[in-house]
Amino acid sequence: MSDFETVSVTEVPDGALILDVREDFEWVEGHAKGATHIPLGQLPERFEELDPDVDTYVICRTGGRSAQASAWLTGMGYSVYNIAGGSDAWIEAQLPMESENGQEPAVR
């Protein structure tokens, strides 16, 4: 496992590339506005969809899966930051969210 930095939701720059590694059913209900979605289990097959030269901020629900993804991506040479507290912290901070199901964004 490689080292990576953990940042709070308020430290994520506007317009940053946010990678959500939660499962499809979680993503549909609510995610950070403009985020990219690659479930953790698909990351080894799909990581090349990401640009290794762009800082990537990784998020899940609470920070566990995103820490795993951050460590793995760092080991592959990507510049990544783990978002502490995940989507729970994101919604608590009232940061922009969207859903794919036409309902008010929610996190579960």
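1. Start with phenylalanine 47, which counts as buried because its relative accessibility is 13%. Here buried means under 20% relative accessible area, exposed means over 50%, and partly exposed is in between, using a 1.4 Å probe and protein chains only. Keep in mind that this is a predicted model: local features need pLDDT of at least 70, side-chain atom pairs count only at pLDDT 80 or more, and totals for chains, interfaces and linings use all residues. Residues are numbered from 1 along each chain as its sequence is written, and side-chain values use heavy atoms, with hydrogens and water left out.

2. How many aromatic pairs does a search of the whole structure find? The search gives three. Rings of Phe, Tyr and Trp (its six-membered ring) pair if their centres lie within 6.5 Å; planes under 30 degrees apart are called stacked, over 60 edge-to-face, and the rest tilted. Phenylalanine 47 and tryptophan 72 make an edge-to-face pair, at 5.1 Å centre to centre with 80° between the planes. This pair links distant parts of the chain, 25 residues apart: phenylalanine 47 is in the loop between α2 (43-46) and β5, while tryptophan 72 is in helix α3. Helices (H or I, at least four residues) and strands (E, at least two) are DSSP runs, numbered from the N terminus. Tryptophan 72 is partly exposed, with a relative accessible area of 31%.

3. Phenylalanine 47 has another partner, tyrosine 78: the ring centres are 6.0 Å apart and the planes are at 80°, so this pair is edge-to-face. Tyrosine 78 sits in the loop between α3 and β6 and phenylalanine 47 in the loop between α2 and β5, so the pair ties together parts 31 residues apart in sequence. Tyrosine 78 counts as buried at 8% relative accessibility. Put together, Phe47, Trp72 and Tyr78 form one aromatic cluster.

4. Now for the sheet. Its five strands make an open sheet in the order β1-β6-β5-β2-β4, with parallel pairing. The edge strands, each pairing on one side only, are β1 (5-7) and β4 (36-37). Two strands pair if DSSP finds at least two bridges between them.

5. Four bridges join β5 (residues 56-59) to β2 (residues 17-20), and the two run parallel; leucine 17 stands opposite threonine 56 in β5. β5 also pairs with β6 in the parallel sense, over three bridges, and valine 58 stands opposite asparagine 82 in β6. In a regular strand, side chains alternate between the two faces of the sheet. Both faces of β5 are covered, with Thr56 and Val58 buried on one side and Tyr57 and Ile59 buried on the other.

6. What lies across β2, β5 and β6 (80-83)? Helix α3 (residues 64-75) does, running at about 175° to β6. Axes are lines fitted to C-alpha atoms, for helices over the stretch in contact, and angles run from 0 to 180 degrees between N-to-C directions.

7. Glycine 63 lies in the loop between β5 and α3. Glycine 63 counts as buried because its relative accessibility is 13%. Leaving out residues up to four places away in sequence, glycine 63 touches Asn82, Ile83 and Gly86; contact means heavy atoms within 4.5 Å.

8. The side chains of histidine 31 and glutamate 100 are joined by a polar contact of 2.9 Å. A polar contact is a pair of N or O atoms within 3.5 Å; within protein, one must be able to donate a hydrogen and the other to accept it, and residues adjacent in sequence count only if both atoms are side-chain atoms. Beyond residues up to four places away in sequence, histidine 31 touches several residues, including Asp20, Arg22 and Ser99.

9. Serine 99 belongs to the segment after β7 (97-98) and is buried, with a relative accessible area of 18%. The serine 99 side chain makes a polar contact with the side chain of asparagine 101 (3.1 Å). A polar atom of that serine 99 side chain also lies 2.6 Å from the backbone oxygen of glutamine 103.
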